[in-house]
Amino acid sequence: MPSKRCTVFGWIFNGRDALLRWARAQGKMNNIVIVMKRSDYGGKGKRRPRVILACERNGNYKSCKSSETTDIRSDANSDMKKCARDTSTKKCGCPFLLKGVNISDGDDWKLEVVCGVHNHLISEYLQGHSFVGRLSEEENALLVDMSKSLVKPKDILVTIKDRDAMNVSTMKTIYNAKIRNITKEFAGRTQMQQLLTKLSKHNYIEWHKTSGDIVTNLFWTHLINIDILHAFPHVLIMDCTYKTNRNRFPLLQIVGVTSTNMTFSVAYVYMNAEKEDNYTWALTVLRSLFDDNCPPGVIVTDRELALMNSIMSIFPKA
């Protein structure tokens, strides 16, 4: 059965969702935003499910604030003064109205035009409109996949617009969608809980040190890195990078060198400070990854005295 057919009484659709998609698509083609004004799933007797669609400018603005609501603003000639809050609305009582009704025991819906006129000028374009610019389920799934691949938001927007020439989303739409997806992925967990969950999910091994309920040091590596380390344990390079996170924690990166002079990652350590105690804890964990009979022979680092002292105490033969 086709999703839409025309009769002398209106348009017939195979399903409520098909009706809504077609009506909104037709409105979008004519630079009109169609919204759902009312939805009724029916009831006892002969009352059938129905949906009322209208122009977004239908109805009149109803302020939920009292008339005494004020803002405090500064003025060039006075210190501070109170003034009425500025408000505005798109609503102008537009009479445009569509009605969709379920007409059978199945899922056939009829769409009728109750009023086909508008009392306002039609927009020349819908670029930047928050409602029309919403991403579809397919576009949001594409955004999630591209974000996991570290694609920049501007490139995500270009890809979405290339796939749909009628898309009117903006950069703000992309940023808001990314924030919603991240919040959904966190599922109420804190950032540290989320990090530990991700490490476990992707088969990383981690050790952490806490002070009360606060994680002060975090060491993580992968089983593949450990296997390579066992094959090439002779040379290690250690150094800290800075300003890599919002908390300004130094990140200690430890890499090894293969027999063909190629480097590989051994482990990473977040520390709350570059003190000897932090380095000693990190190197103690690193020492546990080595075979007892094959410690590193050479450790290369810059002239960080706290790190050098820790190396001498944990790897005295290096």
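The largest pocket in this structure has a volume of about 1200 Å³. The model is a predicted one. The second largest pocket has a volume of about 780 Å³, and the surface carries a nonpolar patch that includes Ile237.

**Largest pocket**

- A total of 28 residues line the largest pocket.
- Nearest the centre of the largest pocket lie Phe186, Gln191, Met192, Gln194 and Leu195.
- Four elements each supply at least two residues of this lining: helix 2 (137–148), helix 4 (171–186), helix 5 (191–201) and strand 10 (214–222).
- By residue type, the lining of the largest pocket consists of 13 nonpolar, 9 polar and 6 charged residues.

**Second largest pocket**

- The second largest pocket, with its volume of about 780 Å³, is lined by 21 residues.
- Arg21, Arg24, Arg134, Leu135 and Ser136 are the lining residues closest to the centre of the second largest pocket.
- Helix 1 (16–29) and helix 2 each give at least two residues to this lining.
- Helix 1 provides the largest share of the lining of the second largest pocket, with 6 residues.
- The lining of the second largest pocket is made up of 9 nonpolar, 2 polar and 10 charged residues.

**Surface patch**

- Ile237 belongs to strand 11, which covers residues 235–241.
- Ile237 counts as partly exposed because its relative accessibility is 30%, a value between the limits of 20% for buried and 50% for exposed.

Terms used. Residues numbered from 1 in each chain as written. Predicted model: local features only at pLDDT ≥ 70, side-chain atom pairs only at ≥ 80, totals over all residues. Heavy atoms only, no water. Patch = residues over 30% accessible without salt bridge, like charges linked within 9 Å, V, L, I, M, F, W, Y side chains within 5 Å. Areas by Shrake-Rupley, 256 points an atom, 1.4 Å probe, with all protein chains shown as cover. Salt bridge = Lys/Arg side-chain N within 4 Å of Asp/Glu carboxyl O. Buried < 20%, exposed > 50% of the residue type's maximum accessible area, 1.4 Å probe, protein only. 1 Å grid on protein atoms, 1.4 Å probe; cavity = no way out; pocket = protein on both sides within 12 Å on 5 of 7 lines; lining within 4 Å. Points joined across faces, edges and corners; volume = space filled by probe spheres on them. Nonpolar A, V, L, I, M, F, W, Y, C, P; charged D, E, K, R; others polar.
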